[in-house]
Amino acid sequence: MERRKFITNSSKAGLAISFLGMYACKETSSEKKELKQNTPVFEPFFKLSLAQWSLHKMIREEKLNPMDFAKKAKELGFEGLEYVNQLYNKEIEKRGNNNKAIISLAEDLKKISDKEGMLNQIMMVDLQGEENLLSTADEKLRKQAVENHKIWIDATAILECHSMRINLFGSNDEKIWKEKSVASLNELSEYASEKNVNVIVENHGALSSNGALMAEVMKTVNRDNCGTLPDFGNFCVRREDDKLWDAPCIDQYDIYKGVEELMPFAKGISAKTFNFDENGDETTIDFYRMMKIIKDAGFKGFVGVEYEGDTLSEEKGIIASKALLLKVAKKLSDTSVSTEA
């Protein structure tokens with residue numbers, strides 16, 4: 001009898017210890033969960049989209065079908081898409097090389113992006129030669145250029161992109177360029193407003209890379225659906241022999257000043273990168289300084305990665321650009337928290 005009583009008491013003691021242990025584990029687990037919940041998770045102040053131009057070499061070398069852009073961007077960890085119309089020239093030719101072909105292309109791209117769960121952001125439109133002269137003194141050519149862009153506004157609307165990006169090329173006379181740019185933007189924005197599309201201008205060479213002049217144009221147009229697409233790397237106002245591309249720059253606008261001047265009208269950001277150092281920083285652009293300008297302007301939309309380097313492959317350059325943007329965003333977030341504290 002005494003032995004049985006001892007065993008019973010021992011069992012009770014053992015159970016008590018067991019329950020205490022279980023409670024202690026449960027309490028520790030709860031504390032860990034609470035600690036995890038209270039630990040702030042870093043979220044950048046922007047979302048990431050991929051500019052299709054980052055893949056233009058692969059597409060032109062036929063290593064990547066442009067119809068697979070959404071799939072490739074998703075694989076690389078992006079959420080948004082920024083299309084480049086000229087990378088679909090062969091596809092448009094296959095479909096008949098007319099307006100109907102452009103519409104059918106847009107419809108198919110929309111289906112693909114929906115299937116991949118991607119968000120269409122911008123259609124970047126680069127027409128060829130005289131078709132692209134929205135800022136020319138020749139009124140007949142300017143009017144025709146406006147008409148040439150309208151089908152791409154229709155395509156942009158089908159894709160449900162918020163904006164169509166255009167170029168303002170034409171006259172090199174500031175007064176004429178401004179006057180004709182304002183006229184073309186007013187006409188295009190009026191048409192685009194019916195489609196719920198923004199018309200945005202990138203600093204893309206010549207007078208469009210003069211930040212102060214571009215800001216004047218935006219203020220004069222003064223339309224809600226007309227804005228800018230600040231690009232970190234396209235601020236060459238003049239090249240040798242007045243060439244638009246492929247010549248040394250002889251008049252470089254201050255890139256930080258230019259972006260700051262364009263930010264009040266920005267509906268997107270083109271984070272241009274070329275090459276990187278051993279720390280993963282861009283060798284020609286201070287990304288911390290540039291992204292601070294973006295953040296201070298209150299921008300919270302999509303930042304597009306546009307890699308144009310020649311050292312890394314396109315895929316590796318895209319990944320390096322994305323990593324740099326997130327690193328800078330984290331540093332800006334930490335600095336902000338430190339300042340508030």
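Tutor: A disulfide here is a pair of cysteine sulfur atoms within 2.5 Å. This is a predicted model, in which local features need pLDDT of at least 70, side-chain atom pairs count only at pLDDT 80 or more, and totals for chains, interfaces and linings use all residues. Residues are numbered from 1 along each chain as its sequence is written, and side-chain values use heavy atoms, with hydrogens and water left out.

Student: How many disulfides does a search of the whole structure find?

Tutor: One. Cys236 and Cys249 form it, with their sulfur atoms 2.2 Å apart. Cys236 sits in strand 7 (residues 236–239) and Cys249 in strand 8 (residues 249–252). The pair is 13 residues apart and links distant parts of the chain. Helices (H or I, at least four residues) and strands (E, at least two) are DSSP runs, numbered from the N terminus.

Student: What hand does the link of Cys236 and Cys249 have?

Tutor: The Cys236–Cys249 link is right-handed, with 110 degrees about the S-S bond.

Student: Is Cys236 buried or exposed?

Tutor: Cys236 counts as buried because its relative accessibility is 7%. The cut-offs: buried is under 20% relative accessible area, exposed is over 50%, and partly exposed lies in between (1.4 Å probe, protein chains only). Cys249 has 32%, so it is partly exposed.

Student: And Cys161 and Cys226, buried or exposed?

Tutor: Cys161 is buried at 3%. Cys226 is also buried, at 7%.

Student: Where is Asn196 placed?

Tutor: In the loop between helix 7 (174–193) and strand 5 (198–202). Asn196 has a phi near 60 degrees, again positive in a residue other than glycine. At 71% relative accessible area, Asn196 is exposed.

Student: Now helix 8. Which of its residues are buried?

Tutor: In helix 8 (residues 211–221), these are Gly211, Leu213, Met214, Ala215, Val217, Met218 and Val221.

Student: What do the buried residues of helix 8 pack against?

Tutor: Helix 7, strand 5, strand 6 (226–229) and helix 9 (255–262). Asn222 follows helix 8, and its phi is positive, near 50 degrees.

Student: Switching to strand 9. How many of its residues are buried?

Tutor: Five of five, so strand 9 (residues 269–273) is mostly covered, with buried as defined above. Ile269, Ala271 and Thr273 point one way, while Ser270 and Lys272 point the other way. In a regular strand the side chains alternate between the two faces of the sheet.

Student: In which sense do strand 9 and strand 10 pair?

Tutor: Parallel, over five bridges, with strand 10 covering residues 302–307. Strands pair if DSSP finds at least two bridges between them. Thr273 has Tyr307 as its bridge partner in strand 10.

Student: What is Ser113 in contact with?

Tutor: Ala70, Leu81, Tyr83, Met118 and Asn120, leaving aside neighbours within four places in sequence. Contact means heavy atoms within 4.5 Å. Ser113 lies in helix 5 (residues 99–116). With 0% relative accessible area, Ser113 is buried.

Student: And what does His56 touch?

Tutor: Leu87 and Glu314, not counting residues up to four places away in sequence. His56 is in helix 2 (residues 56–60). His56 counts as buried, because its relative accessibility is 12%.

Student: Last one. Where is Lys330 found?

Tutor: In helix 11 (residues 314–340). Lys330 is partly exposed, at 34% relative accessible area. The C-alpha atoms of Lys330 and Phe42 are separated by 7.1 Å, though the two residues are 288 residues apart along the chain.
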